[in-house]
Amino acid sequence: AIVANDFYRPSKVLRVPEAAERVDGTRFGYRTGWRLRRDQLLTTLLLVSANDAAETLAAAWPEGGRAGFLRAMQAKAEELGCTDSTWRDPSGLDAPGHRASAADLAVLGRALLERPVLARLVGSRAVTYRWPNGHRTVLANHNHFVGWGRDKGAIGVKTGYTTEADSTIVAAQRRGGRTLLAVALGSKAMYQDVRTLLGYGFKVKPRAGAELLGVQPEPANDGPAPTLPPAADRVTGRVSGVPSPLVERLSVRILAAPVPLAACAGVGCLVLGALALFWRRR
């Protein structure tokens, strides 16, 4: 969505390729040869996870078609500061070598919310969609974190599912002037997981020097170094600037940890604290 939004003009008309009709997973129902505007495709891509929209956007890439679009996805991710992801399918379907980390998806979620057209789509509970023949229909957002309207301040971003990945979600919410993103991968209860993560996140603020994911600001050649953006605009991964050796060894970003892992860590701290108190009293 980010690559298509940044490269194609809103008025750009794209032809549906045969591959779009045959793509696996969720399809909106586009037929080979149909001609659709960029924003029609972005709408179904983000609201109802239309893999046929993804294939259509990819096939129209002027330099190499679908393969060129995948290269553009990789380049854009690296430009934004992603370090763990490799892109092998425009729909995010399972493919050899295709992978993404929770940290990278948080970076991409933040980048998507910086683009007004995309932010409006993922933050909508429902939108009116116009088919090529002029017929209008209302599309409900498949992301229930936004679509059901139960989570005040929910503004996105996207759910997903494949056999290999299980249920996944990038969730964004605004409360009291702050915007936070939570990512849950391989989840059995993804909405509850991100609600728990966001509830925790809004209760705390990252300390000065906490890890800043994504592209880092370049220090100026003269004058003081630029200050970090406000905490509300940061996606943080460490509670402090210097992680413990255990955290480094496990390669865990504390605030990006899955809920079960965070819960285990909390229980572990309580147990260690109780043991320390016991030995001290002895």
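Analyst: The part in question is an open sheet of 3 strands in the order β5-β6-β7 with antiparallel pairing, where strands are DSSP runs of E of at least two residues and helices are runs of H or I of at least four, numbered from the N terminus, and two strands pair if DSSP finds at least two bridges between them. This is a predicted model, in which local features need pLDDT of at least 70 and side-chain atom pairs count only at pLDDT 80 or more, while totals for chains, interfaces and linings use all residues. Residues are numbered from 1 along each chain as its sequence is written, and side-chain values use heavy atoms, with hydrogens and water left out.

β5 (154-162) and β7 (178-187) are the edge strands, each pairing on one side only. Strand β6 (residues 166-175) is joined to the antiparallel β7 by 8 bridges, and I169 stands opposite A184 in β7. Helix α6 (residues 102-113) packs on the sheet and touches β5, β6 and β7, contact meaning heavy atoms within 4.5 Å; the direction of α6 makes about 140 degrees with that of β7, the axes being lines fitted to C-alpha atoms, for helices over the stretch in contact, and the angles running from 0 to 180 degrees between N-to-C directions. Helix α9 (residues 190-203) also packs on the sheet, touching β5, β6 and β7, and its direction makes about 145 degrees with that of β7.
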